[in-house]
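Here's a friendly walk through one protein model. Have a look at the structure, then read on.

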Amino acid sequence: MNANSTARLEAPESLPASAEQRLKELGIKLPAPPQPFGTYVEAVQTGNLLFLTGMLPTEGRGAKFIGRVGAELDVEAGCQAAHLAALNVLAVARLHLGSLDRVTRIVRLGVSVATSGDFRDQPKVADAASELLQDVFGKDKNPCRLVYGVASLPLATPVELEVIFEVRD
């Protein structure tokens with residue numbers, strides 16, 4: 001064994017940063033979790049799976065972004081809406097779990113994007129949510145993803161996210 005390989009063996013392995021630690025490092029302050037806009041709950045846990053309701057780009061009791069991507073909104077505004085919806089995902093998950101460190105995997109991310117009929121860049125909009133979740137949880141917890149273009153969404157928002165997390169006790 002040469003000196004270089006010995007040094008590698010003796011060097012302490014750094015533990016991956018926790019989701020809560022990554023939030024702090026990224027300077028992300030989560031918004032207040034959104035309240036339901038109807039008769040439902042924001043999160044349901046069964047076994048080790050946490051299902052979140054459709055998360056919208058809202059602040060308080062209203063939509064921050066209104067319109068369809070490719071019509072009233074451009075791709076950048078759609079990305080900002082997806083990012084805000086992902087922040088709401090994180091806020092609701094933290095409220096339900098007590099800590100985002102309990103997330104062991106993002107199982108699925110569903111992204112619905114309200115668009116004009118000829119818009120084809122839904123994956124670009126969805127990437128804004130995927131990238132935030134990857135930044136917080138790490139690449140090894142990336143989910144499978146479904147992206148849909150739809151005619152309209154609740155509150156006339158451009159994006160709605162559906163997320164399933166695997167969690168530990």
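This is a predicted model: local features need pLDDT of at least 70, side-chain atom pairs count only at pLDDT 80 or more; totals for chains, interfaces and linings use all residues.

Let's start with Glu162 and Arg108, which form a salt bridge whose closest N and O atoms are 3.0 Å apart. This pair ties together distant parts of the chain: Glu162 sits in strand 7 and Arg108 in strand 5, 54 residues apart.

The whole structure has six salt bridges. One of them joins the side chains of Lys64 and Glu59, at 3.6 Å from N to O. Lys64 is partly exposed, with 47% relative accessible area, and Glu59 is partly exposed as well, with 45%.

Asp121 also pairs up, with Lys124, and here the closest N and O atoms are 3.8 Å apart. Asp121 counts as partly exposed at 31%, while Lys124 is partly exposed at 49%.

Now for the greasy part. In soluble globular proteins, nonpolar side chains tend to be buried together. In this model, the largest nonpolar core has 42 residues, and those touching the most other members are Leu50, Leu52, Leu90, Leu100, Phe137, Leu161 and Phe165. Strands 2, 5 and 7 and helices 2, 3 and 4 each supply at least two residues of this core. Helix 3 gives the largest share, 13 residues.

What does Phe137 contact, leaving aside its neighbours within four places in sequence? Its partners are Ala19, Arg22, Leu90, Leu100, Val103, Ile106 and Phe165.

Definitions and conventions: Residues are numbered from 1 along each chain as its sequence is written. Side-chain values use heavy atoms; hydrogens and water are left out. A nonpolar core is a set of buried Ala, Val, Leu, Ile, Met, Phe, Trp, Tyr and Cys residues joined through side-chain atoms within 4.5 Å. Buried means under 20% relative accessible area, exposed over 50%, partly exposed in between (1.4 Å probe, protein chains only). Helices (H or I, at least four residues) and strands (E, at least two) are DSSP runs, numbered from the N terminus. Contact means heavy atoms within 4.5 Å. A salt bridge is a side-chain nitrogen of Lys or Arg within 4 Å of a carboxyl oxygen of Asp or Glu.
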